[in-house]
Every structure is written in structure tokens, then in C-alpha cells.
Amino acid sequence: AEPWRFYHTMRHVEALLLGLAAEMSVVQCEEALLLAIFFHDLVYDPRSKTNEADSANLFKQFAEEAKLIKQSLVESVVDMILQTANHMGVN
């Protein structure tokens with residue numbers, strides 16, 4: 001809800017979740033996509049060029065602390081988060 005987040009808001013997360021729901025027939029790893037959606041913009045500073053890496057690192061820390069997420073899933077989620085560095089905005 002921070003004012004500098006532009007479209008990086010819960011509305012953005014909701015739009016991504018709705019998009020995911022609409023495409024479930026072609027989704028290969030729902031868990032990874034859900035985690036990537038929730039973590040991909042968790043760290044957002046409009047002046048920073050490391051938001052995606054910072055968000056991925058925060059997810060890795062969460063996964064380590066949770067001790068419930070397989071390493072292969074962690075790697076997939078981190079990959080997805082890092083790939084958002086070059087995406088176009090989705091409201």
C-alpha cells in the first residue's frame with residue numbers, strides 16, 4: 001500500500017492471480033507461479049535496479065526459514081522472480 005508502488009499493489013497481485021486462474025489448463029507448476037506472484041514485487045523501490053534480486057533473496061530467506069519448500073521449487077520461483085526484471089506492467 002506504499003504510495004510509490006504505482007501498479008505494484010495488491011490490485012496487481014489480484015490481476016496476476018486472475019490471469020493465472022484463467023490459464024490453469026496450461027500451467028505446469030501452480031505452486032511456483034503462486035509463490036512468484038506473491039513475492040515478485042515484494043521489494044519495490046522505484047529508484048532501485050535490484051528490486052527483483054532483492055525480492056528473490058527475500059523469498060529464499062522465507063523458504064529457508066519455512067523449511068518446507070523443496071530446493072527445486074525454490075530455484076523455479078527465484079528464476080521466475082528474476083525474469084520479471086524485463087516485464088511490462090500488468091495492472
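In the predicted model, Ser55 is buried, with a relative accessible area of 0%. This serine lies in helix α3, which comprises residues 51-66. Beyond the residues up to four places away in sequence, Ser55 touches Phe39, His40, Asp41, Leu42, Val43 and Ile81.

Two of these contact partners, Phe39 and Ile81, also belong to the largest nonpolar core, a set of 12 residues. Helices α2, α3 and α4 (71-83) each supply at least two of the core residues, and α4 gives the most, with 5 residues. In soluble globular proteins, nonpolar side chains tend to be buried together.

Helix α1 spans residues 10-22, and the end C-alpha atoms of this helix are 18 Å apart. This separation agrees with the 18 Å that should be spanned by 13 residues at 1.5 Å a residue. His12, Val13 and Leu20 are buried in α1. Because the buried residues fall within an arc of 100 degrees when seen down the helix axis, they line one face of α1. These buried residues pack against α2 (30-39). The face of α1 turned away from the buried side carries the exposed residues Met10, Arg11, Leu18, Ala21 and Ala22.

Key
Residues numbered from 1 in each chain as written. Predicted model: local features only at pLDDT ≥ 70, side-chain atom pairs only at ≥ 80, totals over all residues. Heavy atoms only, no water. Helix = DSSP H or I, 4+ residues; strand = E, 2+ residues; numbered from the N terminus. Expected span 1.5 Å × (residues − 1). Buried < 20%, exposed > 50% of the residue type's maximum accessible area, 1.4 Å probe, protein only. Arc of directions from axis to C-beta. Contact = heavy atoms within 4.5 Å. Core = buried A, V, L, I, M, F, W, Y, C linked by side-chain atoms within 4.5 Å.
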